[in-house]
Amino acid sequence: MSNDELRSASDAEIDDAMKYASPMVLRGLLYQLTGDAEVVAMPPGPSAKFGVGKEMANDADADLLRAKGAAFLKHYRDGRTNEIDIGPTDRLRQSLSLTAGHEIPEAELHIWQEEAAFDRWARGVHWQGGTPPKSVQNFKVAVIGTGISGLNVAVQLKQAGIPFTVFEKNPEVGGSWYENRYPGARVDTTSRGYTHLFSYDYPYEYSYSPRDHNLRYFKWVADTFGIRGNIVFNTEVTAMLWDDGTAKWTLESQGPSGADTAEFNAVISCVGFLSRPQLPVIDGMESFAGDAFHMAAWPEGVDVKDKRVAVIGSGASGYQTTPVIAETATHTYLFQRQPNWCLEDEIYLKKLAPQAIWLDRNFPFYSNYVRFRVGALMSPEVAKLGTTVDPDFVDPHSLSAVNKATRDMCVSFATRKLGSRPDLLEKMIPNFPPMASRPIRVDSDYSVYDALLRDNVTLVSDPIEKITPKGIVSGGVEHELDIIAFATGFKANDYLWPMEVRGRGGVRIEEVWAKDGPRAYLGAMVAGFPNLFMCYGPNSNNFGGFTVVDLLELVAQFSLRCIQGLIENGQRSVEVSDAGYWRFAEILGDMERQMIYMDPRANNYYQHGGRSCVNGPLDIRRMWRWLNDPAGAPPAETDAGLRPYFGEDLVVR
C-alpha cells in the first residue's frame, strides 16, 4: 500500500470518517469491491433519486453500510496489497444502479461508466494504433479562453500531442472566475459536478465552492497539466478569417506588443456566453459622483465597509452579494425589477467535513462513486421531470406536478424566512413558475431573505427613474449612495461578440444568425465555417441531465475527435452541411416547445426572439451518442435523422 495516511490511521479515525460517508455511495461501492449481496436488499430512501430526505429507508441500514465500509477499510489498511482494482466488470451495472437508486440499462452502461470517471481520459483523443501520426505536428489549433472549457480543451490537446496555442485576454486563467470577484461570488453547481473528468478527485473544501476556490482549481489545472507555456496572456482575439485556399484560419489579436496575426488549421472558441457584461441604459448614469461598476468588473480594493451601496439586479450575483455586502455596509439597497426563485440548500455556504475529504483520499474509488452519485441525482429522467411542461396539468402558477411541488417548496422557504414581513414576502414571490428563469441556490441559514430583514437593507421594487450625482431616484425618492454595483447580467445572446468572424466566402457569422439568433449544430459548429468549433456555444447550457460541465466536455470531445479524424485521414477541413445544421435546429425546437423556460412571464436571457439561444434541452444521452465518434464508422440506426459523421452531416475536404 502506497497510502501512508491510511496505513497510519487508527480504527477510531476510520470509524469517525465513516460517519460522513454517503450510504448510497457505499451501497454500490461495497457491492462492487466485495460482492456483498446483503447491501443489495437494503431499500433506498426518498433521497435516493431526488436528493431530498434520507438516503436509506431504514437508519439501521445506513449504520450497517457505514460499519461495513469501516471494516473493509481496516482490512485494506492491514493487508499487504499496495493497490486494489475496481473488481469484476460484470458487477458494474448493478453496483452503479445501487448507488444511483435506479436501474442503469445495459445499453447505457458505457455512458454511466464514463460519468464515474473510471477512465479520467475517456473524453479525449484516442489515436488509432495508440500513437499520433507524424503529420500531427503540421496541424495547429487555436483555443480562445481559459475558463473551464478552454482549460479542458488545452489539457486534452496536450495529452493528444496536438500543437496548440491558447489566447487569454486576462493576465491569469479562470475566465469568468478570474473576472468575477464580487463579495459572495460562488458556484451554484456542486463542486463534484464542476470539475473536469480528468481531475474528478481534486480535493475541494466546499460542496459549492466560493470564487477564490474555483480560481484556485483552475490555476491548479494549468500548473498540474503543464499548459501555461501554451497560453498567451493579456491577448484578445479580435478577428478570425477563414481562407478557402489554404484551409486555415487567420487570427488577429491585440496584446502587450500590439497587433499580431497567426494562422491555424482549426479554432476552438471557449469564450462562453456569460463573459461580456451587460449594462442597463439609465438616464444620468454618467453623472454619478461615487463608484459605479458592473459586478463582473468589481475593482480590486473596493471596500463597502461603512458605505451606502446599491445593488441593481436580482440574478445570481445580485442575490449572492447583497447579504455579504449588508454585513459591513452602512446601508444596502437592492433594486429589483423582477424577483427570482430561491432554492434552499442546507450546505450551500458550508465547508465539507475534513472526514469527508479524508474518505476521498483513502477509500478506493469512493470519489468515483461520489461523482457518479452527483450525476445520478441529476439524471436525464429527473431533469425532464423538473424542466418540462405537462400539457394536461392545470394550475395558474406552475406547469407540472413536479413544478408545483418545487414552487410550493420555494414558497414555503420564503414564507419561513419573510413571514413576519408580508410586504417583503409579496415582493419576493415571482409571478412565473420555477425553472422559467435560473433559480438562485441559497443557504438555509443566511441568504438574501435574511439580509432583507436587516435594518440596514432596503428592497426597492419601484422602477429606476434616473441616476443623479448623489444616487438613484426610484418612485420619486432619491436614495443617496457611495457605490452602485450593476448586477445586470451579460450579453448572453451575443455569441463570439465582439470578435469579427468570417467563414467561407467572407460571410460574417452574424449574417448566418440573422434569421432567429445564434445556433450551432450540436452546440459546436455553424454551416459555412469549417474547422471552427465552439464550447459553451449556442444551446449548450445543459438542461438534459448530468451537469453543464458534462455537456461542455462532450462538445469538446466532438471537436477534438473531428480534428483527430482530419489528421488521421489526411484531410484539411470539416464543416456541418446546411441540411444537417437545420435538421438539428428542428430537433432542438421540438424539444424546446416542451420546456418550462419558454414561459413568457419570465424576463431573462433564457429567451431571445421567441426561442432560446443559450439553453440545451436535449437528453444528454442523445447528445452523448451524437458527440461520441464523428470520424468513426457511422452506425446503421439514426436518431431523428441526425447523422453527425464524416461524409454525412459532416462534410470533409
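I took a nonpolar core to be a set of buried Ala, Val, Leu, Ile, Met, Phe, Trp, Tyr and Cys residues joined through side-chain atoms within 4.5 Å. Buried stands for under 20% relative accessible area, exposed for over 50%, and partly exposed for what lies in between (1.4 Å probe, protein chains only).

I note that this is a predicted model, in which local features need pLDDT of at least 70, side-chain atom pairs count only at pLDDT 80 or more, and totals for chains, interfaces and linings use all residues. Residues are numbered from 1 along each chain as its sequence is written, and side-chain values use heavy atoms, with hydrogens and water left out.

**Entry 1. Nonpolar cores**

I looked up the largest nonpolar core and found 152 residues in it. V141, M240, L251 and F363 have the most contacts inside this core. Its top contributor is helix α19 (residues 548-569), which supplies 12 residues; helices (H or I, at least four residues) and strands (E, at least two) are DSSP runs, numbered from the N terminus. Another core, of 30 residues, lies apart from it and includes F293, V304, V311 and L452.

I then listed contacts of L251 (heavy atoms within 4.5 Å). Not counting residues up to four places away in sequence, L251 touches, among others, F167, M240, D260 and V267.

**Entry 2. Aromatic pairs**

I counted rings of Phe, Tyr and Trp (its six-membered ring) as a pair if their centres lie within 6.5 Å, with planes under 30 degrees apart called stacked, over 60 edge-to-face and the rest tilted. The count comes to 34 aromatic pairs. Y194 and F218 have ring centres 6.5 Å apart and planes at 15 degrees, so I recorded this pair as stacked. Because Y194 lies in the loop between α9 (176-179) and α10 (211-224) while F218 lies in helix α10, the pair ties together parts that are 24 residues apart in sequence. Y194 and F218 are both buried.

The rings of Y202 and Y204 stand with centres 4.9 Å apart and planes at 75 degrees, so this pair is edge-to-face. Y202 is buried at 11% relative accessibility, and Y204 is buried at 8%.

**Entry 3. Charges over rings**

I required NZ of Lys or CZ of Arg within 6 Å of the ring centre and within 35 degrees of the ring normal. The charged end of R181 sits over the ring of Y178, 5.6 Å from its centre. K515 lies over the face of W582, at 4.5 Å from the ring centre.

**Entry 4. Two buried positions**

I placed Y606 in the loop between α20 (578-592) and β22 (615-616). Y606 is buried, with a relative accessible area of 4%. Y606 and N541 are 65 residues apart in sequence, and their C-alpha atoms are 9.7 Å apart in space.

I found S269 in strand β7 (residues 266-269), buried at 2% relative accessibility. Beyond four places away in sequence, S269 touches I144, L496, M499, F533, M534 and C535.

**Entry 5. Backbone geometry**

I noted a cis peptide bond between W497 and P498, with omega about 5 degrees. P498 lies in the loop between β17 (483-486) and β18 (500-502).

F365, although not a glycine, has a positive phi of about 65 degrees. F365 is partly exposed at 22% relative accessibility. L522 is not a glycine either, and has a positive phi of about 55 degrees. L522 is buried at 1% relative accessibility.
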